[in-house]
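Trainee: I am new to this structure. Can we go through it in short steps?

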Amino acid sequence: MGIKQAAIQELDALMEEFSIPPTRLGRELFGDPSFYKRLKEDRSRVTDVTLDTIFKAVLEHRGQLNLDLDFDE
């Protein structure tokens, strides 16, 4: 599985988990309600910035963005 497909799977899980319609997700992340539909097209390309935005949004919605992962005690 490629990184684009992983991003799509994360968005699918996020939309299901939080009952977010694809158009709202696209509008919130990129100001483009058709973003998700275009992302799923085989010929669409995804930049690193877009991938960063997607994965950051997933972490934010799940409350995991600012976790303290310092295990040194």
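Trainee: Which residues of α4 are buried?

Mentor: This is a predicted model, where local features need pLDDT of at least 70, side-chain atom pairs count only at pLDDT 80 or more, and totals for chains, interfaces and linings use all residues. Residues are numbered from 1 along each chain as its sequence is written, and side-chain values use heavy atoms, with hydrogens and water left out. Buried means under 20% relative accessible area, exposed over 50% and partly exposed in between, with a 1.4 Å probe and protein chains only. In α4 the buried residues are T50, L51, I54, A57 and V58.

Trainee: Which exposed residues does the face turned away from the buried side carry?

Mentor: Look at the face of α4 turned away from its buried side. Its exposed residues are D48, V49 and D52.

Trainee: Which helices do the buried residues of α4 pack against?

Mentor: Helices here are DSSP runs of H or I with at least four residues, numbered from the N terminus. Contact means heavy atoms within 4.5 Å. The buried residues of α4 pack against α1 (3–18), α2 and α3.

Trainee: Which residues touch the most other members of the largest nonpolar core?

Mentor: A nonpolar core is a set of buried Ala, Val, Leu, Ile, Met, Phe, Trp, Tyr and Cys residues joined through side-chain atoms within 4.5 Å. The largest one has 15 residues. Touching the most other members are L11, L25, L39 and I54.

Trainee: Which element gives the most to this core?

Mentor: Two or more residues come from each of α1, α2, α3 and α4. With 5 residues, the top giver is α1.

Trainee: How is the aromatic pair arranged: stacked, edge-to-face or tilted?

Mentor: Rings of Phe, Tyr and Trp (its six-membered ring) pair if their centres lie within 6.5 Å; planes under 30 degrees apart are stacked, over 60 edge-to-face, and the rest tilted. The whole structure has 1 aromatic pair. The ring centres of F30 and F35 are 4.3 Å apart and their planes are at 35 degrees, so the pair is tilted.

Trainee: Is D32 buried or exposed?

Mentor: D32 lies in the loop between α2 (22–30) and α3 (35–39). Beyond residues up to four places away in sequence, D32 touches G26, R27 and R38. Its relative accessible area is 18%, so D32 is buried.
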